[in-house]
Amino acid sequence: MAAKINQSDRKPKAKSTDLKNIWKRAITQNSEWAEKDDFLDVIYWSRQIIGILIGVVMGLFPLKGFIALALFALINCAIVYLYSTSFQSIDEEAYGGIWEIIKEGFMTSFACFLVTWIIFYTGVHFDHLSTETIH
């Protein structure tokens with residue numbers, strides 16, 4: 001005979017903090033982060049937005065090649081580092097060191113940057129690109 005499944009076992013666990021509260025702390029200087037994962041989530045999602053914005057800017061301006069890639073990495077990491085240490089004043093050691101914070105979500109942000117950069121660069125500079133290949 002099959003065991004009866006308790007309906008309360010199927011309900012997802014409620015998160016201790018709500019999304020509105022997390023983002024409110026994200027824009028408030030020197031906030032307290034009781035949950036380390038909440039701060040890392042803010043870093044992760046902020047970094048995705050930063051990657052898209054940098055992709056748009058670099059796509060509109062004719063930046064290409066290694067210089068654009070290096071500028072993306074420098075700007076992206078600098079923003080996260082300054083936000084974490086200066087604006088939030090977090091204890092890096094509580095998160096495994098500053099390197100752990102800096103690499104949080106970097107590759108996903110890099111992918112967002114690349115897609116956005118390629119789309120905007122091609123869309124804005126297509127005429128220039130097509131005449132370059134003909135000559």
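View 1. Counted from the N terminus, the elements run α-α-α-α-α, where helices (H or I, at least four residues) and strands (E, at least two) are DSSP runs. This is a predicted model, in which local features need pLDDT of at least 70 and side-chain atom pairs count only at pLDDT 80 or more, while totals for chains, interfaces and linings use all residues. Residues are numbered from 1 along each chain as its sequence is written, and side-chain values use heavy atoms, with hydrogens and water left out. Of the 135 residues in the chain, 30% are buried, a term that means under 20% relative accessible area, with exposed over 50% and partly exposed in between (1.4 Å probe, protein chains only).

**View 2. The largest nonpolar core, a set of 12 residues.** Such a core is a set of buried Ala, Val, Leu, Ile, Met, Phe, Trp, Tyr and Cys residues joined through side-chain atoms within 4.5 Å; here the members include I22, W33, L40, V80 and I101. Two or more residues each come from α1 (19-26), α2 (36-60) and α3 (65-87), and α2 gives the largest share, 4 residues.

View 3. Leaving aside residues up to four places away in sequence, Y83 touches A26, W33, F39, V42, I43 and Q88, where contact means heavy atoms within 4.5 Å.

**View 4. M107 in helix α5 (residues 106-134).** M107 counts as exposed because its relative accessibility is 58%. Although M107 and G51 are 56 residues apart in sequence, their C-alpha atoms are 9.9 Å apart in space.
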